[in-house]
Amino acid sequence: MTTTQLGPADVTLVDASPGNAGPAAATTLQLADPTGGRRSHGSRLSVPGWVRRLTGPAALFAVWWAITGTGLVGGRVLASPLAVARVFGDLAGDGELWDNLSISLVRVGWGVLFGVAVGLVLAVLAGFFRAGEHIVDSSMNFLRTIPIIALLPLIIVWIGIGESAKIFLIAAGVVFPVYMNTFAGIRGVDVKLVEAGRTFGLGRLGLIRRVIIPGALPGFLIGLRWSLGVAWLLLVFAEQVNTDRGVGYLLTSAQGWNRTDIIILCLVIYGILGLLCDGIVRVLERSLLSWRRGFTGT
């Protein structure tokens, strides 16, 4: 047996050629660690991932504080963090902020619920059936090029200016990201996996449950993330039509009063809500896509 000392990692190589059969043909190599012993095996002081993700917003906050604190921008143009915190305390203290926020959350919740349900049904019809693709996919690609905001006058004519119109506008915008990404996920499933499932005796329902749904799930979650962002964007427009409650109404009213502190507060609320929605989708990805291993950066 020949031993070559190269480093701390042991790898046993066995020469299986006929002329070298027997125990003496085994060669043990000591391979060197290419990282020079610097490979990370976890740190006792490792920072949680959600904390690291807050460094970006924290940097934006620091830039905002520096710009307003040094006097580069006046308070009437851009309110300082201290002024925004003060107006937050005033609006939260008398309950006005929580009333408006709760109304906005209800509108977004119903709009996302209806939009995701419709988008999923249409994606399944177009993804699973060729006839559905010919009918549904071409129609959806025609409709998605129409600006959703341009539908607002027509929605008012159809439904009116009540709560139903606001929820319908949000749902109409949510449908398309969910449909497009879920349909692409269904049709993007590797045909070799489908053939392998059939080889192992899976029927149509088995293929759908064990192959197609897991393969299309990443696309659906991407569509869900986009749809949540679209929902908050459309909420601003929806709450400008015959409403006296909601974060969008508070934002529009502050513009008339020239209250940049309230405007910035509403924008910060939108940003926090968007960050929370993204966090919820990430939690779903970790639980539903635990089987998937992908590149996580260097």
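This is a predicted model: local features need pLDDT of at least 70, side-chain atom pairs count only at pLDDT 80 or more; totals for chains, interfaces and linings use all residues.
**Helix contact, a loop residue and a pocket**

User: Where does Leu-151 sit?
Analyst: Leu-151 is placed in the loop between helix 5 (130–143) and helix 6 (152–159).

User: And how far apart are Leu-151 and Leu-169?
Analyst: Their C-alpha atoms are 8.0 Å apart in space, and the two residues are 18 apart in sequence.

User: Changing topic: at what angle do helix 4 and helix 10 cross?
Analyst: The axes of helix 4 (residues 96–128) and helix 10 (residues 247–257) cross at roughly 125 degrees and come within 7 Å. The two helices are therefore oblique to each other.

User: Which residues meet there?
Analyst: From helix 4, Glu-96, Leu-97, Asn-100, Leu-101 and Ser-104 meet Val-247, Gly-248, Tyr-249 and Leu-250 of helix 10. By class, this contact has five nonpolar, three polar and one charged residues.

User: How much space lies in the second largest pocket?
Analyst: The second largest pocket holds about 650 Å³. It is lined by 16 residues, of which Gly-127, Phe-128, Val-194, Arg-198 and Ile-212 are the closest to its centre.

User: Which elements give two or more residues to that lining?
Analyst: They are helix 4, helix 5, helix 7 (163–187), helix 8 (191–199) and helix 9 (204–238).

User: And what is the lining of this pocket by class?
Analyst: The lining of the second largest pocket has nine nonpolar, one polar and six charged residues.

Note on methods. Residues are numbered from 1 along each chain as its sequence is written. Side-chain values use heavy atoms; hydrogens and water are left out. Axes are lines fitted to C-alpha atoms, for helices over the stretch in contact, and angles run from 0 to 180 degrees between N-to-C directions. Helices (H or I, at least four residues) and strands (E, at least two) are DSSP runs, numbered from the N terminus. Angles under 35 degrees count as roughly parallel, over 145 as roughly antiparallel, 65 to 115 as roughly perpendicular and the rest as oblique. Contact means heavy atoms within 4.5 Å. Ala, Val, Leu, Ile, Met, Phe, Trp, Tyr, Cys and Pro count as nonpolar, Asp, Glu, Lys and Arg as charged, and the others, Gly among them, as polar. On a 1 Å grid over the protein atoms alone, a cavity is a set of points where a 1.4 Å probe fits but cannot get out, and a pocket is an open set with protein on both sides within 12 Å along at least five of seven lines; lining residues have an atom within 4 Å of a point. Grid points are joined across faces, edges and corners, and a volume is the space filled by probe spheres set on the points.
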